[in-house]
Amino acid sequence: MNRIYLIGFMGCGKSAVGRRLSFLLKLPFYDMDKEIVRQVGKTIPEIFEQHGEEYFRQLETQFLRNFKQDHCIISTGGGVTMRKENQKIMRNTGLVLFLDAPFREIWRRIHRDPNRPIVRQSTREEIEALHKSRYKAYKQTAHITIRTEFRTLRQITQYAA
Ligand code: S3P
């Protein structure tokens, strides 16, 4: 279906790269988290607090199942790739790009963000362990892995485009 999915851990640059790719390739850009927030009418922290993480995971899968737009760029939430069904949908409907950023850079970007409930509730060590535990799923789901270290946004998007 000619979509491009950007996957990877929180703070790896999916939204920034997605927006830039969308500009370069003249394709519409969708940020899954933002789409879910719009559909539900609640922020991500509110969804986690009021309904729990599992409910949020169901919303992510529902979004992927029901999304109809072709020829677009989709930036996914960092946990989307952990479900087998989501992996399958993404691989079958588009090209999956994994943005592989080093953990210290990820931590620098996310550790003060109040909008990421998982980060708010965890220590650096716990988030690092989560990053490690998810890494294999990102690698296996992606058609292409882009290591972002030492690359500028322009270089990353040129490579992806
Ligand atoms: C999450 C990542 C977030 C958001 C939610 C949960 C995760 O998206 O979906 O806070 O489990 O890694 P980003 O990767 O865009 O920060």
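Student: What ground rules apply to the numbering and the model?
Tutor: Residues are numbered from 1 along each chain as its sequence is written. The model is predicted, so local features need pLDDT of at least 70, side-chain atom pairs count only at pLDDT 80 or more, and totals for chains, interfaces and linings use all residues.

Student: Why is α4 called roughly parallel to α5?
Tutor: The axes of helix α4 (residues 53-66) and helix α5 (residues 84-93) cross at roughly 25 degrees and come within 10 Å. Axes are lines fitted to C-alpha atoms, for helices over the stretch in contact, and angles run from 0 to 180 degrees between N-to-C directions. Angles under 35 degrees count as roughly parallel, over 145 as roughly antiparallel, 65 to 115 as roughly perpendicular and the rest as oblique. That makes α4 roughly parallel to α5.

Student: Which residues make that contact?
Tutor: From α4 come E60, T61, L64 and R65, and from α5 come E85, N86 and I89. Contact here requires C-beta atoms, placed from the backbone, within 7 Å. By class there are two nonpolar, two polar and three charged residues. (Ala, Val, Leu, Ile, Met, Phe, Trp, Tyr, Cys and Pro count as nonpolar, Asp, Glu, Lys and Arg as charged, and the others, Gly among them, as polar.)

Student: What makes α2 and α4 roughly perpendicular?
Tutor: Their axes come within 10 Å and cross at roughly 100 degrees. α2 and α4 are therefore roughly perpendicular to each other. M32, E35, I36 and V40 of α2 meet L59, E60 and F63 of α4. Those residues divide into five nonpolar, no polar and two charged.

Student: How do you know that D33 is buried or exposed?
Tutor: Count C-beta neighbours. A residue is buried if 20 or more other C-beta atoms lie within 10 Å of its own, exposed if 12 or fewer, and partly exposed in between, with C-beta atoms placed from the backbone. D33 has 24 such neighbours inside 10 Å, so D33 counts as buried. D33 lies in helix α2 (residues 32-40). Helices are DSSP runs (H or I, at least four residues), as are strands (E, at least two), numbered from the N terminus. Not counting residues up to four places away in sequence, D33 touches I44 and G77.

Student: Where does UniProt place the feature "binding site"?
Tutor: An unreviewed UniProt entry places that feature at D33, R57, G78 and R134. UniProt positions are given in the numbering used here, feature names are shortened, and annotations may be inferred rather than shown by experiment.

Student: What makes R57 count as it does?
Tutor: R57 has 16 C-beta neighbours inside 10 Å, so R57 counts as partly exposed. R57 lies in helix α4. Leaving aside its neighbours within four places in sequence, R57 is in contact with G79 and R83.

Student: How is S15 classed, buried or exposed or in between?
Tutor: S15 has 16 C-beta neighbours inside 10 Å, so S15 counts as partly exposed. S15 sits in helix α1 (residues 14-25). S15 touches D31 and S75, not counting residues up to four places away in sequence.

Student: Why is S75 called buried?
Tutor: S75 has 27 C-beta neighbours inside 10 Å, so S75 counts as buried. S75 is in strand β3 (residues 73-75). Leaving aside neighbours within four places in sequence, the contacts of S75 include L6, K14 and G18.

Methods. Contact = placed C-beta atoms within 7 Å.
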